[in-house]
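Please read the following note alongside the sequence and the model. It is written for a reader who is new to protein structure.

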Amino acid sequence: MDRIRKFRLVSVRDADLDRTLLQTCPVAWRQLGCCYETGRGVGQDLEKAAILYSQAAVEGDVVAQYNLGQMYFHGRGVKKDMEKAVYWYQESATAGYASAQNMLGNCFYNGWGIKKDWRMAVKFFQMAAEQGYTDKSTLGTVEK
């Protein structure tokens with residue numbers, strides 16, 4: 001039991017927003033952004049979530065880049081902006097994040113925030129599939 005306690009996740013309140021960690025760790029920014037996006041352990045604040053994702057994304061956190069793309073795509077905490085969504089999906093996808101590759105494929109396929117390009121759509125769908133991406137509810141379908 002002591003071993004489990006040692007590795008338990010601390011809430012934002014428990015850590016009192018450890019400023020040193022937040023200043024040096026993009027993963028902490030992303031995780032805190034997730035807390036604010038979902039309202040876990042803190043009051044839900046989508047604008048704060050977007051700011052935290054942005055800080056982590058600029059530092060190269062691929063999950064934060066994807067999450068920030070999602071915020072722009074859906075207009076959550078920021079003004080809906082498909083071009084910015086595509087930018088962040090591209091950053092994350094080219095770094096190898098399968099969810100971003102799939103979403104970028106959908107953007108190319110549907111012309112969301114970028115000119116339709118089925119070849120690029122197939123390229124990114126293939127990249128996601130090669131990594132085992134299997135979410136069929138969002139995996140694009142391309143017909144010849």
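The points below concern salt bridges, one aspartate and a group of aromatic rings.

1. The model under discussion is predicted. The points that follow should be read with that in mind.

2. How many salt bridges does the structure hold? The count is 2. As background, side chains of opposite charge can pair when their charged atoms come close.

3. One of the salt bridges joins the side chains of arginine 30 and aspartate 61, with an N to O distance of 2.8 Å. The pair connects distant parts of the chain, for arginine 30 belongs to helix α4 (residues 26-38) and aspartate 61 to the loop between α5 and α6, 31 residues apart. Arginine 30 and aspartate 61 are both buried.

4. Aspartate 61 deserves a point of its own. Its relative accessible area is 10%; a residue counts as buried under 20%, so aspartate 61 is classed as buried. The side chain of aspartate 61 also reaches the backbone nitrogen of alanine 64, at 2.8 Å. When neighbours within four places in sequence are left aside, the residues in contact with aspartate 61 are Pro26, Val27, Arg30 and Ala56.

5. A salt bridge also forms between the side chains of glutamate 37 and arginine 76, at 3.6 Å from N to O. Because glutamate 37 lies in helix α4 and arginine 76 in the loop between α6 and α7, this pair ties together parts that are 39 residues apart in sequence. Arginine 76 has a relative accessibility of 30% and therefore counts as partly exposed.

6. Turning to the aromatic rings, the count comes to 7 aromatic pairs. In one of them, the ring centres of tyrosine 66 and tyrosine 89 are 5.9 Å apart and the planes stand at 40°, so the pair is tilted. Tyrosine 66 is in helix α6 (residues 62-74) and tyrosine 89 in helix α7 (residues 82-94), so that the pair links distant parts of the chain, 23 residues apart. Tyrosine 66 and tyrosine 89 are both buried.

7. Tyrosine 89 also pairs with phenylalanine 73: the ring centres are 6.3 Å apart and the planes are at 50°, which means that this pair is tilted. Since phenylalanine 73 lies in helix α6 and tyrosine 89 in helix α7, the pair ties together parts that are 16 residues apart in sequence. Both phenylalanine 73 and tyrosine 89 are buried.

8. Which residues do ring pairs link into a cluster? The cluster consists of Tyr66, Phe73, Tyr89, Tyr97 and Trp112.

Notes
Residues are numbered from 1 along each chain as its sequence is written. This is a predicted model: local features need pLDDT of at least 70, side-chain atom pairs count only at pLDDT 80 or more; totals for chains, interfaces and linings use all residues. Side-chain values use heavy atoms; hydrogens and water are left out. Rings of Phe, Tyr and Trp (its six-membered ring) pair if their centres lie within 6.5 Å; planes under 30 degrees apart count as stacked, over 60 as edge-to-face and the rest as tilted. Helices (H or I, at least four residues) and strands (E, at least two) are DSSP runs, numbered from the N terminus. Buried means under 20% relative accessible area, exposed over 50%, partly exposed in between (1.4 Å probe, protein chains only). A polar contact is a pair of N or O atoms within 3.5 Å; within protein, one must be able to donate a hydrogen and the other to accept it, and residues adjacent in sequence count only if both atoms are side-chain atoms. Contact means heavy atoms within 4.5 Å. A salt bridge is a side-chain nitrogen of Lys or Arg within 4 Å of a carboxyl oxygen of Asp or Glu.
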